[in-house]
Amino acid sequence: MTRYSPYAALLDRIPVERHEISVLGSSTRYWVYGPEDAATTIVIAHGYRGDHHGLEPVIAQLPGIRWIGPDMPGFGESTPLTEVPHSVAGFSQWLTTFIDLLGLTGTAVTLGHSFGTIISSHAVAGGLPTPTLILVNPISASAHNGPSRFATWITVAFYRLAAKLPNRVGHFLLSRWIIVQFMSSTLAKTKDKQLRKWIHAEHHTYFNNFASRDSVVEAFEASVGNDVSDFAAKITIPTLLVAAELDDITPVQAHHELVKQMPDVSLTVLEGVGHLIHYEVPELAAKAIGEFLERQGYDIGAIEEPRAT
């Protein structure tokens, strides 16, 4: 996490280990948080152009859980996939294989955030044995039909332009400061100036840690070409959706429509926040996650009390 993180004090109390494993040609780096003997383990699939740092504010609120946060292939410190494409199916196969190689098949809870909700949903629908699924800021419908359709159209055009240009020029465009700042300023809804400053710093620190122009463009096409509703009918395990009232990518109504397609699902909608639940209100996300897991019979240890607002 960055130096001035509002969640650093909580995170510093949690033991962290860094590991590496080869999965489908990707040297996948991953971090293990929490007690080794924790009763509950959660494996994370992070969002597009993010890395393992993104969910740390949520992890900090639930110190009794063992969290496993990999950098997905092509992002952060993990190298790209070489045996499968950077598609939803490719990332899904990577996630399933990663969990299996760690010996957690059938026991670890799976949690996806943003693009990671599409990947984890595809994996579960395709047969990933996981007892419970948690989706934070789920992409419940196509981004092309979301609240910010024009911005989505512009973003799609920009990525496709970067894909057609010479590799170095495309990489240069994708990693410009103004691109990251525009994204961060658009998605952040908090009025807290210090929190907004920290969120922007997080994005500028980690958003450009992608391996190559080609892999990041492939992953982008996957992120806008699919959504959770494509796989919802095949997800029969207990599932939690932690959605946001002001999400620029998916409207609240799409989450309610998604609920109708899933046989065992709970929906929590957090007010006054958008697509950055994990940064702006991690305490509320952790509360929703903790209460859901306890209803499913999991032992999660203590939950940090939400800060007064």
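Predicted model: local features only at pLDDT ≥ 70, side-chain atom pairs only at ≥ 80, totals over all residues.
Colleague: How many aromatic pairs does a search of the whole structure find?

Modeller: The search finds 11 aromatic pairs.

Colleague: Why is the pair of Tyr 159 and Phe 220 called stacked?

Modeller: The ring centres of Tyr 159 and Phe 220 are 3.9 Å apart and the planes are at 5°. Centres within 6.5 Å make a pair, and planes under 30 degrees apart count as stacked. The pair is therefore stacked.

Colleague: Which parts of the chain does that pair link?

Modeller: Tyr 159 is in helix H5 (residues 149-164) and Phe 220 is in helix H9 (residues 213-225), 61 residues apart. Both Tyr 159 and Phe 220 are buried.

Colleague: What makes the pair of Trp 198 and Tyr 279 edge-to-face?

Modeller: The centres of the Trp 198 and Tyr 279 rings lie 5.1 Å apart, with the planes at 75°. An angle over 60 degrees counts as edge-to-face, so that is the class of this pair. Trp 198 belongs to helix H8 (residues 193-206) and Tyr 279 to helix H11 (residues 277-280), so the pair ties together parts 81 residues apart in sequence.

Colleague: How do you know whether Trp 198 and Tyr 279 are buried or exposed?

Modeller: The cut-off for buried is under 20% relative accessible area. Trp 198 has 5%, so Trp 198 is buried. Tyr 279 has 4% relative accessibility and therefore counts as buried too.

Colleague: What else in H8 is buried?

Modeller: The buried residues of H8 include Leu 195, Ile 199, His 200, Glu 202, His 203 and Tyr 206. Helix H2 (56-59), helix H7 (177-187) and H11 are among the elements that cover the buried residues of H8.

Colleague: How do you know that the span of H8 agrees with its number of residues?

Modeller: At 1.5 Å a residue, the 14 residues of H8 should span 20 Å. The end C-alpha atoms of H8 are 20 Å apart, so the two values agree.

Colleague: Which residues form one aromatic cluster?

Modeller: The cluster is made up of Tyr 48, Phe 75, Phe 91, Phe 115, Phe 158, Tyr 159 and Phe 220.

Colleague: What makes Arg 176 a charge over the ring of Phe 172?

Modeller: Arg 176 lies over the face of Phe 172, at 3.7 Å from the ring centre. The distance cut-off is 6 Å, and the charge must also lie within 35 degrees of the ring normal.

Colleague: What makes E1 and E2 a strand pair?

Modeller: A pair needs at least two bridges. Eight bridges join strand E1 (residues 16-23) to E2, and the two run antiparallel. E1 and E2 form a hairpin with two residues between them, and Leu 24 in the turn has a positive phi of about 55°.

Colleague: Where does Trp 31 come in?

Modeller: Trp 31 in E2 is the bridge partner of Arg 18. On strand E4 (residues 66-70), which is joined to E2 by four bridges and runs antiparallel to E2, the bridge partner of Trp 31 is Gly 69. Strand E2 (residues 26-33) is mostly covered, with six of its eight residues buried.

Colleague: Which residues of the largest nonpolar core touch the most other members?

Modeller: Of its 50 residues, these are Val 43, Tyr 48, Phe 75, Trp 94, Leu 95, Phe 98 and Phe 115. Elements that each supply at least two residues of this core include E1, E2, H5 and H9. Another core, of 32 residues, lies apart from it, with Ile 14, Trp 31, Ala 60 and Val 242 among its members.

Colleague: What makes Leu 55 buried, and what is in contact with it?

Modeller: Leu 55 is at 3% relative accessibility, so it counts as buried. Leaving aside neighbours within four places in sequence, Leu 55 is in contact with Ile 44, Leu 111, His 113 and His 278.

Definitions and conventions: Residues numbered from 1 in each chain as written. Heavy atoms only, no water. Phe/Tyr/Trp six-rings, centres within 6.5 Å; stacked < 30°, edge-to-face > 60°. Buried < 20%, exposed > 50% of the residue type's maximum accessible area, 1.4 Å probe, protein only. Core = buried A, V, L, I, M, F, W, Y, C linked by side-chain atoms within 4.5 Å. Expected span 1.5 Å × (residues − 1). Contact = heavy atoms within 4.5 Å.
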